[in-house]
Amino acid sequence: DKPDSALWLLKNHSILKDSQIAKLVGITKNSVTAIRNKSYWNFNNLNSKDPVSIGLFNQKDLIEAIEKAERRIKREKKQKEKEKKE
């Protein structure tokens, strides 16, 4: 179920970093990266499953992770704009 949930998160919340997905789902970052790159050993047999509905973690954890990712993106965007001005 964990790789299936990682696939669901990659499809539905692509702003999340691999490390965030690994922490939420409880698998290694390398596994998440392999699923993202479609090089996971069992990729063809994965079925995208909502991790909240199967009980891996709760909705609050997912919302917090998404908000954190949004803050990171905003911060990176600000940094790029700052570098352009210099």
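Reader: How many helices and strands does the chain have?

Author: Helices (H or I, at least four residues) and strands (E, at least two) are DSSP runs, numbered from the N terminus. This chain has four helices and zero strands, and its elements run α-α-α-α from the N terminus on. The model is predicted, so to speak of local features requires pLDDT of at least 70 and side-chain atom pairs count only at pLDDT 80 or more, whereas totals for chains, interfaces and linings use all residues. Residues are numbered from 1 along each chain as its sequence is written, and side-chain values use heavy atoms, with hydrogens and water left out.

Reader: What box do the C-alpha atoms fill, and what percentage of the residues is buried?

Author: Buried means under 20% relative accessible area, exposed over 50%, and partly exposed in between (1.4 Å probe, protein chains only). Here, buried residues make up 35% of the 86 residues in the chain. Along the principal axes, the C-alpha atoms fill a box of roughly 50 × 30 × 20 Å.

Reader: Which residues of H2 are buried, and what covers them?

Author: The buried residues are Asp 18, Gln 20, Ile 21, Ala 22, Leu 24 and Val 25. Because six of the eight residues of helix H2 (residues 18–25) are buried, this helix is largely enclosed by the rest of the structure. The covering elements include helix H1 (2–12), helix H3 (29–36) and helix H4 (59–85). Just after H2, Gly 26 takes a positive phi of about 95°.

Reader: How is the packing of H1 and H3 to be read, and at what angle do their axes cross?

Author: Two packed helices are described by the angle between their axes and the distance between the axes. Axes are lines fitted to C-alpha atoms, for helices over the stretch in contact, and angles run from 0 to 180 degrees between N-to-C directions. The axes of H1 and H3 come within 10 Å and cross at roughly 60°. H1 and H3 are therefore oblique to each other; angles under 35 degrees count as roughly parallel, over 145 as roughly antiparallel, 65 to 115 as roughly perpendicular and the rest as oblique. Contact means heavy atoms within 4.5 Å, and this one is made by Pro 3, Ala 6, Leu 7 and Leu 10 of H1 with Val 32, Ile 35 and Arg 36 of H3. By class, the residues are six nonpolar, no polar and one charged, where Ala, Val, Leu, Ile, Met, Phe, Trp, Tyr, Cys and Pro count as nonpolar, Asp, Glu, Lys and Arg as charged, and the others, Gly among them, as polar.

Reader: At what angle do H2 and H3 pack, and which residues make the contact?

Author: H2 and H3 pack at about 115°, with their axes 8 Å apart. Asp 18, Ser 19, Ile 21 and Ala 22 of H2 meet Lys 29, Val 32, Thr 33 and Arg 36 of H3. This contact has three nonpolar, two polar and three charged residues.

Reader: How many residues has the largest nonpolar core?

Author: A nonpolar core is a set of buried Ala, Val, Leu, Ile, Met, Phe, Trp, Tyr and Cys residues joined through side-chain atoms within 4.5 Å. The largest one has 22 residues, and those with the most contacts inside it are Leu 9, Leu 16, Ile 21 and Ile 35. H1, H2, H3 and H4 each give two or more residues to this core, and the largest share, five residues, comes from H1.
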